[in-house]
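This report describes a protein chain together with its ligand. It takes up single loop residues, a strand residue, the ligand shell and the confidence of the model in turn.

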Amino acid sequence: MIEQYKEKYKTDIIEICYKTGFYGEDLSMFNLFKDKKLFAMRFVLHYTHFQPDYCFVYKENNKVAGYIIGTDDTKKQEADFLKTMYPKMLLRMYLFTWWYSITSFRNIKRFSKPNNESVLDDTLLDTYPAHLHMNVLPGYQGRGIGQQLLDSFMSALREKNVAGIHLGTSSENKKAVPFYEKNNFVLLRQLDGDMWGMGTGVKSLIYGLRLNE
Ligand SMILES: CC(C)(COP(=O)(O)OP(=O)(O)OC[C@H]1O[C@@H](n2cnc3c(N)ncnc32)[C@H](O)[C@@H]1OP(=O)(O)O)[C@@H](O)C(=O)NCCC(=O)NCCS
């Protein structure tokens, strides 16, 4: 069952974000990022505060098993992220994360800022102003839940006549790439390397979908 996001689901989505945070796999299995809350501050908690209307969860037997979050206006969202969430992240990083987990501290420094503006240029953002993040718990994947979440998000955007959506993923994410391609997202940009800095051959991928065609 799809539901609009509510504050009571905050802990669930922090958990799901972490359990699918490394190319769709559980981050706790790798020694890469121990500060779960900080990871969620970067990737989910701004959206649920900024535009909860575009945030949905999937619930089954009272358990939240997946979410989609996003915005219809990436430029505005990134500006607000820098003004409201980024200072809170910096405070946590320097008061807590550096001694709690130096690996988390080093990793967040690499990907704590919003997307590189030279990649998400004005031409791209005018055509694809919305963007999303979505995660379904292992064990619930491959059952059509991601599809239902994406459909709900796209309906909300279409109601507001939003022109298009973009999203970022990695060539290493073997679940996300076929899912987005099945949903007619097209590859717009491809860059060497990704947020985890995992060696050669790995690409950051930006996909887009027009909604008004
Ligand atoms: C990517 C993700 C959101 C897809 O959600 P899902 O619930 O597993 O996907 P669905 O079951 O709704 O799949 C819809 C369609 O996408 C395609 N698809 C989904 N997962 C796929 C996979 N692993 N391989 C190939 N095709 C896949 C299928 O064609 C499927 O249609 P079908 O059931 O008619 O064959 C989910 O796997 C996930 O959360 N992964 C971990 C987190 C993540 O990587 N998020 C994206 C970050 S960019």
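N184 is placed in the loop between α8 and β6 (186-192). The model is predicted, and the values below are to be read with that in mind. N184 has a phi near 70 degrees, which is a positive value in a residue other than glycine. Most residues other than glycine have a negative phi. N184 counts as exposed because its relative accessibility is 58%, and the cut-off for exposed is over 50%.

A second residue with positive phi is N61, where the angle is near 45 degrees and the residue is again not a glycine. N61 sits in the loop between β2 (56-60) and β3 (63-71). Its relative accessible area is 74%, so N61 is exposed.

T200 belongs to the loop between β6 and β7 (203-210). With a relative accessible area of 80%, T200 is exposed.

E3 provides a buried case. This residue lies in strand β1 (residues 2-4). E3 is buried because its relative accessible area is 14%, where the cut-off is under 20%. The side chain of E3 makes a polar contact of 2.5 Å with the side chain of Y9, and another of 2.9 Å with the side chain of K6.

**Ligand shell**

Which residues come nearest to the ligand, of the 21 around it? They are V136, G142, G144, G146 and N173. By residue class, the shell around the ligand holds eleven polar, seven nonpolar and three charged residues.

| Residue | Protein atom | Ligand atom | Distance |
|---|---|---|---|
| M134 | polar backbone atom | nitrogen | 2.8 Å |
| G142 | backbone N or O | oxygen | 2.8 Å |
| K182 | side-chain N or O | oxygen | 3.1 Å |

The ligand taken alone exposes 910 Å², and 72% of that is buried by the protein. Two or more residues of the shell come from each of β4 (130-136), α7 (145-159), β5 (164-170) and α8 (176-182). Among these elements, α8 gives the largest share, five residues.

**Strands β4 and β5**

The pairing of β4 and β5 is parallel and runs over two bridges. In β5, H166 is the bridge partner of H131. Is β5 mostly covered or mostly open? Six of the seven residues of β5 are buried, and the strand is mostly covered.

**Confidence**

The mean pLDDT of the protein chain is 92. A value of 70 or more is reached by 97% of the residues in the chain. Where pLDDT is low, the predicted coordinates should not be read in detail.

Key
Residues are numbered from 1 along each chain as its sequence is written. Side-chain values use heavy atoms; hydrogens and water are left out. A residue is near a molecule or strand if one of its heavy atoms lies within 4 Å of it. A polar contact is a pair of N or O atoms within 3.5 Å; within protein, one must be able to donate a hydrogen and the other to accept it, and residues adjacent in sequence count only if both atoms are side-chain atoms. Accessible areas come from the Shrake-Rupley method with a 1.4 Å probe; for residues, only the protein chains shown count as cover. Helices (H or I, at least four residues) and strands (E, at least two) are DSSP runs, numbered from the N terminus. Ala, Val, Leu, Ile, Met, Phe, Trp, Tyr, Cys and Pro count as nonpolar, Asp, Glu, Lys and Arg as charged, and the others, Gly among them, as polar. pLDDT is the predictor's confidence in each residue, from 0 to 100. Buried means under 20% relative accessible area, exposed over 50%, partly exposed in between (1.4 Å probe, protein chains only). Two strands pair if DSSP finds at least two bridges between them.
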